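User: I am new to this structure and would like to learn how to read its features one at a time. Could you give me the general idea for each feature before turning to the case at hand?

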Amino acid sequence: MCGRFTLTADIADVMNTFSVDSKNYEYTPRYNIAPSQTISVITNYNGHRALEAYRWGLVPRWAKDIKIGFKMINARAETLKTKPAFRNLLSRNRVVIPADGFFY
């Protein structure tokens, strides 16, 4: 499991690699991306791919405090379908998170 990652690639290369149609925020290369920070994600709605900014961390509907998202940065593949926080998200709400390095 990683706790931090990097995305330092040229934005044009990222967009070409993932066939992204549009960029909806101001991208800057980053060397130390941590949970709860804004990250680059690639969304796909109706065949239109866009590079957007999302906050890293999952805050389930049942959570009473937004800080729980700091702890929910990774999911184990073997329990993804059984954990209440992840099981309904598996079939929808997917994004691609481009990264070119990680720390663990």
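Analyst: Let us begin with sheets, where two strands count as paired if DSSP finds at least two bridges between them. Please keep in mind throughout that this is a predicted model.

User: Which strands form the sheet with mixed pairing, and in what order do they come?

Analyst: That open sheet is built from three strands in the order β2-β5-β4, and its pairing is mixed. The strands β2 (22-23) and β4 (38-45) are at its edges, each of them pairing on one side only. Between β4 and strand β5, which covers residues 48-55, there are eight bridges, and these two strands run antiparallel. As one case of such a bridge, threonine 38 has arginine 55 as its partner in β5.

User: What is the strand order in the antiparallel sheet, and what is the average twist from one strand to the next?

Analyst: Here three strands make an open sheet in the order β3-β1-β6, with antiparallel pairing. Because β3 (30-33) and β6 (101-103) stand at the edges with a single partner strand each, one side of each is left without a neighbour in the sheet. From one strand to the next, the twist averages 20°. Strand β1, residues 4-7, is joined to β6 by three bridges and runs antiparallel to β6, and phenylalanine 5 has phenylalanine 102 as its bridge partner in β6.

User: How many aromatic pairs are counted, and how are the rings arranged?

Analyst: In general, rings pair if their centres lie within 6.5 Å, and planes over 60 degrees apart count as edge-to-face. By this rule there is one aromatic pair. The ring centres of phenylalanine 5 and tryptophan 56 are 5.2 Å apart and their planes are at 70°, so the pair is edge-to-face. Since phenylalanine 5 lies in strand β1 and tryptophan 56 in the loop between β5 and α2 (68-71), the pair ties together parts that are 51 residues apart in sequence.

User: Is phenylalanine 5 buried or exposed, and is tryptophan 56 buried or exposed?

Analyst: A residue is called buried when its relative accessible area is under 20%. Phenylalanine 5 counts as buried, with a relative accessibility of 5%, and tryptophan 56 is buried as well, at 9%.

User: What space lies in the second largest pocket, and which residues line that pocket?

Analyst: A pocket can be read through its volume and its lining. The second largest pocket holds about 200 Å³ of space, and its lining residues include Leu58, Trp62, Pro84, Asn88 and Arg92. By class, the lining divides into seven nonpolar, two polar and two charged residues.

Note on methods. Residues numbered from 1 in each chain as written. Predicted model: local features only at pLDDT ≥ 70, side-chain atom pairs only at ≥ 80, totals over all residues. Heavy atoms only, no water. 1 Å grid on protein atoms, 1.4 Å probe; cavity = no way out; pocket = protein on both sides within 12 Å on 5 of 7 lines; lining within 4 Å. Points joined across faces, edges and corners; volume = space filled by probe spheres on them. Nonpolar A, V, L, I, M, F, W, Y, C, P; charged D, E, K, R; others polar. Helix = DSSP H or I, 4+ residues; strand = E, 2+ residues; numbered from the N terminus. Axes fitted to C-alpha atoms, helices over the stretch in contact; angles between N-to-C directions. Phe/Tyr/Trp six-rings, centres within 6.5 Å; stacked < 30°, edge-to-face > 60°. Buried < 20%, exposed > 50% of the residue type's maximum accessible area, 1.4 Å probe, protein only.
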